[in-house]
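Colleague: Hi! Could you walk me through the helices in this one?
Modeller: Happy to, let me put it on screen.

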Amino acid sequence: RELARYLDENSDIAIAVLDDITNKAIGTGIGIEPTVKSARGGQLAKSINDALRAMWRGWTDEAVDTARDLPFGELQRAVFRSFIRDGEVFTRHIEGAA
């Protein structure tokens with residue numbers, strides 16, 4: 001882990017590799033595409049799927065880190081990059097206005 005962090009800070013090649021892996025895996029952020037089907041006929045339940053999309057947008061539109069700096073997609077990228085560089089990511093769940 002320490003070698004990977006050193007290379008991330010000092011090697012252009014290592015930075016480019018981490019950037020490329022992150023861009024291919026996460027892109028601008030991972031979203032959802034709900035496919036809830038109705039009980040009758042197996043057709044997609046449009047109203048439920050639209051409500052799920054609206055809830056996802058409402059949850060991810062705000063800056064979700066504690067400093068309120070990063071949008072959700074950038075937070076996903078930062079977490080993924082830390083994971084592929086270090087092999088682990090630790091998070092802390094904070095409720096309310098901390």
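Predicted model: local features only at pLDDT ≥ 70, side-chain atom pairs only at ≥ 80, totals over all residues.

Colleague: Good. How far apart are the end C-alpha atoms of helix 2?
Modeller: They are 20 Å apart. Helix 2 covers residues 12-25, and its 14 residues should span 20 Å at 1.5 Å a residue, so the two values agree.

Colleague: And which residues of helix 2 are buried?
Modeller: Ala14, Leu18 and Thr22. They sit on the same side of helix 2, because they cover an arc of only 65° around the axis.

Colleague: Why would residues spaced like that point the same way?
Modeller: An α-helix has 3.6 residues a turn, so residues three or four places apart face the same way.

Colleague: What is exposed on the other side of helix 2?
Modeller: Over there you find Asp12, Ile13 and Lys24 exposed.

Colleague: What do the buried residues of helix 2 pack against?
Modeller: Against helix 1, residues 2-10, and helix 4, residues 72-86.

Colleague: Let's take helix 1 then. At what angle does it pack with helix 2?
Modeller: The angle is about 100°, and the axes are 6 Å apart. Helix 1 and helix 2 are therefore roughly perpendicular to each other. From helix 1, the contact uses Leu7, Asp8 and Asn10, while helix 2 brings Asp12, Ala14, Ile15 and Leu18. By type, the residues of that contact are four nonpolar, one polar and two charged.

Colleague: How do helix 1 and helix 4 cross?
Modeller: They cross at roughly 125°, with axes that come within 8 Å. That makes helix 1 oblique to helix 4. Here Ala4, Arg5 and Asp8 of helix 1 meet Arg81, Arg85 and Asp86 of helix 4. The residues of this contact divide into one nonpolar, no polar and five charged.

Colleague: Now helix 4 itself. How many residues does it have, and how far does it reach?
Modeller: Helix 4 has 15 residues and reaches 21 Å from first C-alpha to last, close to the 21 Å expected at 1.5 Å a residue.

Colleague: Which of its residues are buried, and what covers them?
Modeller: The buried residues of helix 4 are Phe72, Gly73, Gln76, Arg77, Arg81 and Asp86. Their cover includes helix 1, helix 2 and helix 3, which is residues 46-60.

Colleague: Last one: what follows helix 2 and helix 4?
Modeller: Glycine 27 follows helix 2, with a positive phi near 65°. After helix 4 comes glycine 87, whose phi is positive and near 90°.

Notes. Residues numbered from 1 in each chain as written. Heavy atoms only, no water. Helix = DSSP H or I, 4+ residues; strand = E, 2+ residues; numbered from the N terminus. Expected span 1.5 Å × (residues − 1). Buried < 20%, exposed > 50% of the residue type's maximum accessible area, 1.4 Å probe, protein only. Arc of directions from axis to C-beta. Contact = heavy atoms within 4.5 Å. Axes fitted to C-alpha atoms, helices over the stretch in contact; angles between N-to-C directions. Parallel < 35°, antiparallel > 145°, perpendicular 65-115°, else oblique. Nonpolar A, V, L, I, M, F, W, Y, C, P; charged D, E, K, R; others polar.
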